[in-house]
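Try each task before reading its solution.

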Amino acid sequence: MAPISSMCGRSAPAKESAVLVNVIVTSYQQPRCAKQQMLQRRTLPLARTTSRSSSRCAAMATGKDRINLLVVANPATPELSVLQKLPAGVNIVATGQTLSELSQQLADEQWGSIDVMLNCGVGKNAGKRQDVQEFWGKLTGLQWLHSASAGLEHLLFQELVDSPVVLSNAKGVYSHSLAEYALTCCSWFAKDFPRLLAAKAARSWEPYDVEELRGKTLGVVGYGDIGRATAILAKAFRMKVVALRRNTTLSEADQDIVEKVYTPDQLTELMSASDYVVAATPYTPSTDKLISAAAIAAMKPNGVFVNVGRGKCVDEEALIDALQAKRIRGAALDVFAKEPLPPDSPLWDLPNVFMSPHNADRTKEFQYESMELFVQNVQRYMAGEELLNVCDKSSGY
């Protein structure tokens with residue numbers, strides 16, 4: 001494989017373009033490497049992903065000897081160095097973020113031979129959905145798209161959803177860091193850290209009783225990889241864990257972790273039974289304001305709400321109202337309905353709100369680990385094995 005420094009401007013020889021498998025790597029904003037056992041829980045056989053993609057998946061399952069890789073990202077993106085670990089037979093053909101940049105390096109006939117795409121990068125290094133849409137029509141041979149992000153709402157568009165292209169993502173990469181954050185937030189309120197900080201600033205020595213997490217009930221809304229990692233960590237604190245997910249049968253093997261699994265129509269029951277509620281849901285049309293005013297109203301007066309999923313999954317106005325009226329103890333929020341959070345949002349001034357700027361999963365390693373997962377998936381792809389983290393495009397995760 002070519003070194004990363006030689007990505008830009010390199011193209012495949014014309015005589016090889018008809019026989020090489022081509023991969024396009026596109027940059028994509030946003031954002032969430034997990035343990036192997038967690039990733040393994042998200043594998044699907046290539047030959048039976050969906051009925052519309054079964055023929056292409058069957059072809060993928062035969063394995064590939066050569067891959068042409070087109071990187072659509074800022075060439076200066078640090079985590080692209082991980083691509084040096086790609087297996088032999090992978091040839092990087094070009095690097096860029098937009099159709100204009102890529103067209104300077106690719107002949108028109110090469111676009112149709114591309115069959116794999118990787119979306120990666122954050123911030124200025126990320127390509128946008130509209131960039132992908134602009135050249136989507138040229139990718140007539142595309143078979144597999146991998147997103148280096150966990151959330152898909154900023155990537156999905158109708159043509160992609162309707163296509164037979166197999167989609168995978170970075171589920172599991174961000175789970176432990178978000179689980180740590182969620183339990184830190186629970187401890188923040190249990191130990192009343194704001195009171196400690198105020199006392200320190202006032203040089204005031206006033207001992208008070210603190211709360212243990214042991215014995216308290218943690219309700220997890222969205223029991224996927226992030227929710228499960230949070231539940232496992234909560235058990236280390238000897239908390240009781242209940243959870244909510246669409247398909248409850250997927251949690252049958254977790255009876256030693258979760259005491260009860262609710263269905264979406266039982267959300268208010270979970271909210272009322274929990275001392276701490278952690279939302280870890282992806283954003284889809286079906287989860288829009290899933291944490292509704294009624295759900296928030298069902299919480300205990302001393303209940304704490306923690307959101308590490310997506311801000312739009314919560315009725316933010318209803319949450320603010322409950323916090324201002326102190327109908328719940330507090331909230332810890334890493335995500336918001338609108339980001340960046342507007343300066344005039346009441347959340348900034350609420351003393352019972354712990355906030356972070358959507359960076360709870362932004363460790364020094366998170367993008368590198370996400371790229372490691374892609375390298376692993378490429379190895380599986382070339383060997384004709386199952387891809388990790390195949391998504392349901394119509395469901396949005």
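**Getting your bearings**

Of the 397 residues in the chain, 55% are buried. Keep in mind that this is a predicted model.

**Exercise 1.** Find out how many helices and strands the chain has, and what its accessible surface comes to.

*Solution.* Start with the elements: the chain holds 13 helices and 15 strands. Next, the surface: its accessible area is about 17500 Å², and carbon and sulfur atoms account for 51% of that.

**Exercise 2.** Work out how many disulfides there are, looking at C185 along the way.

*Solution.* Step one: a disulfide needs two cysteine sulfur atoms within 2.5 Å. Step two: the cysteine sulfur closest to that of C185 belongs to C186, and it sits 7.0 Å away, so that's too far for a bond. Step three: the count for the chain is zero disulfides. As for burial, C185 is buried at 1% relative accessible area, and C120 is buried at 1% too.

**Exercise 3.** Describe the largest nonpolar core, and say which element gives the most to it.

*Solution.* First, the members: this core has 37 residues, and L218, Y276, V306 and V308 touch the most other members. Then, the suppliers: α7, β8, α9, β9, β11, β12 and α13 each bring at least two residues. The top contributor is α7, with nine residues.

Now zoom in on Y276: leaving out residues up to four places away in sequence, its contacts include C186, L213, L218, M239 and R329. Finally, another core of 28 residues lies apart from the largest one, with M271, A295, V314 and L333 among its members.

Notes: Residues numbered from 1 in each chain as written. Predicted model: local features only at pLDDT ≥ 70, side-chain atom pairs only at ≥ 80, totals over all residues. Heavy atoms only, no water. Buried < 20%, exposed > 50% of the residue type's maximum accessible area, 1.4 Å probe, protein only. Core = buried A, V, L, I, M, F, W, Y, C linked by side-chain atoms within 4.5 Å. Helix = DSSP H or I, 4+ residues; strand = E, 2+ residues; numbered from the N terminus. Contact = heavy atoms within 4.5 Å. Areas by Shrake-Rupley, 256 points an atom, 1.4 Å probe, with all protein chains shown as cover.
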